[in-house]
Amino acid sequence: MTPMEIALEEARAAAARGEVPVGAVVLGPDGAVLARAGNRTEERTDPTAHAEMLALRAAAARRGAPRLPDCDLVVTLEPCPMCAAAASLFRVRRLVFGAYDPKGGGVEHGPRIFDAPGCLHRPEVIGGVRECEAADLLRDFFRALRPARGDPSGARIDGKEGQGAALDPQGGSGPLDPIT
Ligand SMILES: [Zn+2]
């Protein structure tokens, strides 16, 4: 299994837990998997529990070092600004991501964290790897949530509007959209 396939597997597992389907893997210098994770923001009641944060923290803990300069981060979705900043702080060598995230992304979109003047470390970036599969997972996830939108007792999509929401087939028409 390739690293992106492992990340996609983590994303599918996240969806099964009711989490936005994003998965991440951290690889050591020899290509071995140091850590793998999917989103757990709902389960941990922690909006920072993105797949990348969990995988980076686990990899650093496993190595007993706060920086991972010879490691690669592979993730199914373009990291948000928080996770991009974390990848820089962890000093990862290379960032590989799947789908682009025009609304929530912080690498090729939005604040473009690695291009910001204060950014001290810019990993090599490769985007669009297995892009369609990663995007399909997100589309299917948001599509499944959609019927709950009109239900005042359970707007299950609330709080899931950030990460990957641009891939929502009906994105932009949600309850948090200021226009509607
Ligand atoms: Zn993130």
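Thr45 sits in the loop that runs between β2, residues 33-38, and α2, residues 51-63. Its phi is near 45°, a positive value in a residue other than glycine.

Now stay in that loop and step back to Thr41, which is also placed between β2 and α2. Is Thr41 buried or exposed? Thr41 is buried, because 22 other C-beta atoms lie within 10 Å and the threshold is 20 or more. Leaving aside neighbours within four places in sequence, Thr41 is in contact with Glu19, Asp46, Pro47, Ala49 and His50. Thr41 and Val20 are 21 residues apart in sequence, with 8.6 Å between their C-alpha atoms.

There is another positive phi to show you, at Arg91, where the value is near 65°. Arg91 belongs to the loop between α3, residues 81-89, and β4, residues 94-99. With 16 other C-beta atoms within 10 Å, Arg91 is partly exposed.

Let me zoom out for a moment. The protein has 4 helices and 5 strands, and along the sequence they follow the pattern α-β-β-α-β-α-β-β-α. Of the 180 residues, 42% are buried. If you take contacts between residues at least 6 apart in sequence, 60% of them join residues at least 24 apart.

What about the interior? The largest nonpolar core has 48 residues, and Val26 and Ala55 are the ones with the most contacts inside it. Elements giving two or more residues to this core are α1, β1 (23-27), β2, α2, β3 (72-77), α3, β4 and α4. Take Ala55 as an example: beyond its neighbours within four places in sequence, Ala55 is in contact with Ala24, Val25, Val26, Ala35, Arg36 and Ala37.

Next, a helix pair. How are α1 and α4 arranged? Helix α1, residues 3-16, packs with helix α4, residues 131-145, at an angle of about 5°, and their axes are 10 Å apart. The two helices are therefore roughly parallel to each other. On the α1 side the contact is made by Leu8, Ala11, Arg12 and Ala15, and on the α4 side by Glu133, Ala134, Leu137 and Phe141. Sorted by class, that contact has 6 nonpolar residues, 2 charged ones and no polar ones.

While we are on α1, have a look at Glu5, which is found in that helix. Glu5 counts as partly exposed, with 14 C-beta neighbours inside 10 Å. The C-alpha atoms of Glu5 and Ala134 are separated by 9.9 Å, although these residues are 129 apart along the chain.

Finally, a word about confidence. The mean pLDDT of the protein is 89, and 86% of its residues reach 70 or more. Over residues 172-180, though, the pLDDT is below 50, and beyond near neighbours in sequence this stretch has 8 contacts in the model. Where pLDDT is low, the predicted coordinates should not be read in detail. Thanks, everyone, and I'm happy to go back to any of these views.

Definitions and conventions
Residues are numbered from 1 along each chain as its sequence is written. This is a predicted model: local features need pLDDT of at least 70, side-chain atom pairs count only at pLDDT 80 or more; totals for chains, interfaces and linings use all residues. A residue is buried if 20 or more other C-beta atoms lie within 10 Å of its own, exposed if 12 or fewer, and partly exposed in between; C-beta atoms are placed from the backbone. Two residues are in contact if their C-beta atoms, placed from the backbone, lie within 7 Å. Axes are lines fitted to C-alpha atoms, for helices over the stretch in contact, and angles run from 0 to 180 degrees between N-to-C directions. Angles under 35 degrees count as roughly parallel, over 145 as roughly antiparallel, 65 to 115 as roughly perpendicular and the rest as oblique. Ala, Val, Leu, Ile, Met, Phe, Trp, Tyr, Cys and Pro count as nonpolar, Asp, Glu, Lys and Arg as charged, and the others, Gly among them, as polar. A nonpolar core is a set of buried Ala, Val, Leu, Ile, Met, Phe, Trp, Tyr and Cys residues joined through C-beta atoms within 7 Å. pLDDT is the predictor's confidence in each residue, from 0 to 100.
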